[in-house]
Amino acid sequence: MKLKWIEIIEFAKKFRKELHKNPELTWEEIDTAKAIRATLKAHYTPYKEFAHTGTVVTLAPNAKGTHIALRGDIDALEIDEQTTVPYKSQKPNCMHACGHDGHTATLLATAIWLKQYEDQLPGPVSLVFQPAEEGGHGAKKMLEEEALKGVEFIYGWHNWPAIKFGQAICPDGVVMAGNGTFHIDINGQGGHSSQPEISKDPVLAASAITMALQQIVSRRIAPQKAGVVSVTSIDARSGLTTIPSHAKIEGSIRIPDLKTRDEVAKSIKEIAQNTAKAYNTEAIVEFRNRYSPTINHENAASSMREKLEEVLGKDYKSDIATPIMASEDFSYYLQEIPGAFALIGSNDGQEKHTKPCHNAYYDFNDELIEPVCKVFTKLANLECEFI
């Protein structure tokens, strides 16, 4: 017997809250994967396992039409939740603070719904429950294990509190920035705080480097280009009367293309080393590439915008500036497979839905599950009534 549309949506909301209570970090999503797979089994939906905790369902595998994939990420973050919701995380310093619980529940609801109409699907549909999006390069691992073999187009999304509920963006070209991290070790010569003249102060050098790095976006990147350079950590802990021998600066960058990433990395190295030298210290700089920009393919983005308009209405387009300077490992898929990624607004005015992702007071807006399931169903080209 087929489940009603509303029954599946309500189930997904409950499932989401259970995931929220029991989050798991990148590459540790064991119980999350078990819950996904148990639900799929309960609905007679076969699946394959990839990348340890990844799961892929392929419906209508022999259908003659275009093979599409729909993706949801499943991992949580190392954040100590501060909300008071009844489904608050039960694990200290582990929280679904980016809405991957909602992404998972939405994809699971889509899988259940599409399974009921599998014989009506014009082409194969793969539903990709992906681990390790939060810095773990899970998408790369899924590709390496050929989890998306045969897929011709792929679609994904992210909830976005900075966009009003009922609105979304899915531009052609760059939708989300690429990123990287920098790690600067400053070596000086420690000493007594009363004798700075015979020391080589790495704290002073670190302060100067931090300020000097701010010129990269304001003076070394053209105003027409997006870019962010953020120093997020300075560590030079010492005694109250001791000048330390060492300081460490760390941070991240966000860029719209790989050429800009290389230019920014070069600038960070030059500025850090030359500034350190000016303060009679030495800087050792390490730069680590992370995710590339997420770049939508024109035809796929056009198709996704069409479905978003059908579901959200003709005024769905948000005027938020793009690219969004956050990063996504969905970029790996789009380097290999044509597709598109959308940011869909979750801000309905409720306080908990205004908090940004990666905030200890964040909460996913469950009212997103139904419209996104409809968008996914339409991308699968299934003609059905949502009843």
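**Around helix 10**

Modeller: Helices here (H or I, at least four residues) and strands (E, at least two) are DSSP runs, numbered from the N terminus. Before you ask, residues are numbered from 1 along each chain as its sequence is written, and side-chain values use heavy atoms, with hydrogens and water left out. It's a predicted model, so local features need pLDDT of at least 70 and side-chain atom pairs count only at pLDDT 80 or more, while totals for chains, interfaces and linings use all residues.

Biologist: Which residues of helix 10 are buried?

Modeller: Buried means under 20% relative accessible area, exposed over 50%, and partly exposed in between (1.4 Å probe, protein chains only). By that rule helix 10 is mostly covered, with eight of its eleven residues buried. Part of the cover comes from helix 1 (5-21), helix 3 (100-116) and strand 15 (339-347), among others. The buried set is Ile369, Pro371, Val372, Cys373, Val375, Phe376, Thr377 and Leu379.

Biologist: What does the side chain of threonine 377 reach?

Modeller: Threonine 377 sits in helix 10 and counts as buried, at 0% relative accessibility. Leaving out residues up to four places away in sequence, threonine 377 touches Trp113, Leu114, Leu382, Cys384 and Phe386, where contact means heavy atoms within 4.5 Å. At 2.8 Å, its side chain reaches the backbone oxygen of cysteine 373.

Biologist: How many residues apart are glutamate 370 and lysine 374 in helix 10?

Modeller: Their side chains meet in a salt bridge at 3.9 Å, N to O; a salt bridge is a side-chain nitrogen of Lys or Arg within 4 Å of a carboxyl oxygen of Asp or Glu. Glutamate 370 is partly exposed at 27%, and lysine 374 is partly exposed too, at 23%. An α-helix has 3.6 residues a turn, so residues three or four places apart point the same way. Both lie in helix 10 (residues 369-379), about one turn of the helix from each other, and the spacing is four residues.

**Other charged pairs**

Biologist: Is lysine 307 buried or exposed?

Modeller: Lysine 307 forms a salt bridge with glutamate 306 (3.4 Å, N to O). Glutamate 306 comes out as partly exposed, at 43% relative accessibility. Lysine 307 has a relative accessibility of 9%, so the label is buried.

Biologist: How far apart are the closest N and O atoms of glutamate 118 and lysine 115?

Modeller: Side chains of opposite charge can pair when their charged atoms come close. Lysine 115 is partly exposed, with a relative accessible area of 23%. It makes a salt bridge with glutamate 118, and the closest N and O atoms are 2.8 Å apart.

Biologist: How many salt bridges does the structure hold?

Modeller: The pairs glutamate 118 with lysine 115 and glutamate 306 with lysine 307 are among them. For the whole structure the count is 26.

**Two domains**

Biologist: How much area do domain 1 and domain 2 bury between them?

Modeller: The bounds come from an automatic or database domain assignment, which gives domain 1 (5-177 + 293-380) and domain 2 (178-290). Eleven residues from domain 1 and eleven residues from domain 2 take part in the contact. Buried area is the accessible area (1.4 Å probe) that two parts lose on being put together, summed over both. Of the total, 65% is on carbon and sulfur atoms, and the figure is about 720 Å².

Biologist: What is the salt bridge count between domain 1 and domain 2?

Modeller: The side of domain 1 that touches domain 2 divides into eight nonpolar, three polar and no charged residues. Here Ala, Val, Leu, Ile, Met, Phe, Trp, Tyr, Cys and Pro count as nonpolar, Asp, Glu, Lys and Arg as charged, and the others, Gly among them, as polar. The salt bridge count between domain 1 and domain 2 is zero.

Notes:
Polar contact = N/O pair within 3.5 Å; in protein donor to acceptor, adjacent residues only side chain to side chain.
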